[in-house]
Structure formats: structure tokens, C-alpha cells
Amino acid sequence: MIDKIEEIRKKIDALQPKNAEEVEEFRLKYLTKKGLIPSLFKDFKDVPPEQKKEIGQALNQLKTYAQMKYNQWKEELGKDRESKAADIDFSLPANFVELGARHPISIVLNDMVDIFNRLGFTVAEGPEIEDDFHNFTALNFPEEHPARDMQDTFFFEKNPDILLRTHTSSVQIRAMQKLKPPIRQIYPGRVYRNEAISARSHCIFHQVEGLYVDKDVSFADLKQTLYYFAKEFIGPDVKVRFRPSYFPFTEPSAEMDISCFLCGGKGCKICKKTGWVEILGCGMVDPNVLKFCNIDPEEYSGFAFGMGIERPTLVKYRIEDIRLFFENDIRFLKQFRSVI
Ligand code: PHE
């Protein structure tokens, strides 16, 4: 036993671990429960009583020695690492991480959403690939009605019942089918129309739809809500006007104009010298639409409105070409408000 202890001690003396792995190897081989030294302690019980004192001392010394060596190597490794860290020049500039910017459509959309949030409207979304029922039929577009053609719809060749939604009004229907009044929501999203692409129009664009259904909702509520929106969106001096219009799903229907936010009403290129800019369509939800969604028009009434996002964004940022929104040219995108 004494020889064994001596042999192990010599071996430890000869060791000179070069890195953390070798130090760890040492710990596993000598110090852990199943390692060489603890296994000697196990054999200790078989040592004859008269040798117990001498061997016990030698064993304890070996254990302390091995532990000390191990600690010493670990410490040296740590110092090594510190001196390497000291070689790093912390005054050098860090790698430059470029900040992203929000898409201008997202900026304006978020502004719109914030304003309606303050009036208690919550946001919901619906699918861009729709069926005829939600995009047209339930919105009171009768079969063969010319208004269907007005919307230049992209139909799926294999199944003309499926289409790319032409407006976010389809989400109104989904909401009214699912929820019980009161409903106070806005539906932002992307819509598609088969239109020639030019600087002023595109086959893809975005809309925000609003819907409010409850007992005793009136046209006065609609006007006041949209007037609040205009003041928050443009500024306190904005004027609004409503012109009668037609949509199959609202009755009465109107279009809302705001005083031109570029010339303040004097007349310019944007308002085509009229002093007014059209920004949205709106009206009282047609009783037929409520019936399609199993809401009793005798008990409930509602208003709806829908507006495009591209046009106000073009004007706000003086952008001349709508196609820039969809090309994702980094030189264009990085000019807008950054993400944080
Ligand atoms: N969906 C109409 C459009 O795309 C806008 C609208 C929405 C009109 C809701 C009235 C009510 O032009």
C-alpha cells in the first residue's frame, strides 16, 4: 500500500497539464469518487491494524497534495486567460450593427391603429384568400350585380368561388358571424385588385376597415368617430365633409373628404385645386348584411368605414411613386423612422 501511494505521488509530480481538458482529465482520474485516490481509501479498511496509522497519514497527505496540485493548475489556467483578455483592445469600435427601419406603410398603419385604439376599437384580421360569400354575397352584392365587376377581382382559375379579397370589408362579415354585439373593431390588411400598375395605382394595397355594431348606433356616432380620427391623424384644424355615395353593404353611404393637408384648402396638385382630399368610404351597415350574419337589425345597428393606407402615406412622405412601397429597395426603406 505504501508503495502504491508513493508511486501515485511520483506520477502526479511528473504531470504538467497544458490546458483545461488535461486538468479536468486529472481530476476525473485521481480525485472523483471512482478515481485512484478515493479507491485507495476504500482499500484502507483491509489494512492490518498495526499499519493503519502510518498508511492513514500517507493517504491523507497524498489526497491533500493531489487536491493542492489540482487547485494550483486551475489557478494558473485562469491567469492565462486573464492575460489573454488583457491583450484585447476595448477601445476599438464594436462591429457596426445596422438598425432596421419600419416600412412607411407600417408607420402610417400603426398611427391609424393607435388612434382607433384610443376610441376603444380593437384590432382583428382575416384571410387574404377569401371566398365569394365573405367578399361579396354577405356584403349584399347580389349575383350578377355590376358592383362585382367594379372591383376588378383576381379569381382562382380552378375555383372561381375563391378569390383574393378586394377589400377588408370581408373581415366585418367574419367578425359579425363570430361575435355578439357590441362589436367595436378595426381590420387592417392587404387587398388585391386587378388594376394596371402605375405610379399612382397598384394591384396590391392596404386598407383599414372599421366596424361598430351595438344598440342605437347612429350616423352621428359615425361622423363624430371619423371627425376625431381626422383631427388626430392630420391635426386640430382639419375640416371634414361627407358626400353621399353608394356601397352595397352600407345604407346610407358616404365618402369623407378632409381639407387638403398640404395646402390647407387653398388648392394644390394633391387636391387637384379643390382644397379637399377624399380619404374614406363609410356608412350605416345595411340591414341585409346584419341578417346575413344572424344579427337582428331590429335590435342592432352599426356603422362601417374603410380607407386606403397608400395614399395618405404618399402624401405624408411626399413619395411620388406607389410602386416604391412594394419593391423593397433598401435605399428607399432606410429613409424612414427606425425601429426603436
Ligand atoms: N370596402 C370599401 C372599399 O373598398 C370601403 C368601405 C368600407 C365603404 C366600409 C363603406 C364601409 O372601397
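Colleague: Where is Lys272 found?

Modeller: In this predicted model, Lys272 is in the loop between S7 and S8.

Colleague: Why is Lys272 called exposed?

Modeller: Its relative accessible area is 68%. Exposed means over 50%, so Lys272 qualifies as exposed.

Colleague: Why is Asp216 called exposed?

Modeller: Asp216 has a relative accessible area of 71%. The cut-off is over 50%, so Asp216 is exposed.

Colleague: What makes the bond between Pro181 and Pro182 a cis peptide bond?

Modeller: Omega is about 5° for the bond that joins Pro181 and Pro182, and the bond is cis. Pro182 sits in the loop between helix H8 (169-178) and strand S4 (183-192). Most peptide bonds are trans.

Colleague: Which residues does the cis peptide bond with omega of about -5° join?

Modeller: That bond joins Glu251 and Pro252. Pro252 is placed in strand S7 (residues 250-259).

Colleague: How do you know that the length of helix H1 agrees with its number of residues?

Modeller: Helix H1 (residues 2-14) has 13 residues, and at 1.5 Å a residue they should span 18 Å. The expected span takes one less than the number of residues. The end C-alpha atoms of H1 are 19 Å apart, which agrees.

Colleague: Which residues of H1 are buried, and how do you know which side they are on?

Modeller: Ile5, Ile8 and Ile12 are the buried residues of H1. They cover an arc of only 65° around the axis, so they are on the same side of H1. Asp3, Lys10 and Ala14, on the other side of H1, are exposed.

Colleague: How does the span of H9 compare with what its residues should give?

Modeller: The 15 residues of H9 should span 21 Å at 1.5 Å a residue; its end C-alpha atoms are 21 Å apart, and the two agree.

Colleague: What makes the buried residues of H9 line one face of the helix?

Modeller: The residues in question are Leu222, Thr225, Leu226, Phe229 and Ala230. Seen down the axis of H9, they fall within an arc of 135°, so they line one face of the helix.

Colleague: How many residues surround the ligand, and which are the closest?

Modeller: 13 residues surround the ligand, and the closest are His167, Ser169, Arg193, Gln207 and Glu209. By class, the shell has 5 nonpolar, 6 polar and 2 charged residues.

Colleague: What share of the area of the ligand does the protein bury?

Modeller: The ligand taken alone exposes 330 Å², and the protein buries 91% of that.

Colleague: Which elements give two or more residues to the shell around the ligand?

Modeller: They are strand S5 (204-214), strand S8 (276-285) and strand S9 (301-308). S9 gives the most, with 3 residues.

Conventions. Residues are numbered from 1 along each chain as its sequence is written. This is a predicted model: local features need pLDDT of at least 70, side-chain atom pairs count only at pLDDT 80 or more; totals for chains, interfaces and linings use all residues. Side-chain values use heavy atoms; hydrogens and water are left out. Helices (H or I, at least four residues) and strands (E, at least two) are DSSP runs, numbered from the N terminus. Buried means under 20% relative accessible area, exposed over 50%, partly exposed in between (1.4 Å probe, protein chains only). The arc is that of the directions from the helix axis to the C-beta atoms. A residue is near a molecule or strand if one of its heavy atoms lies within 4 Å of it. Accessible areas come from the Shrake-Rupley method with a 1.4 Å probe; for residues, only the protein chains shown count as cover. Ala, Val, Leu, Ile, Met, Phe, Trp, Tyr, Cys and Pro count as nonpolar, Asp, Glu, Lys and Arg as charged, and the others, Gly among them, as polar.
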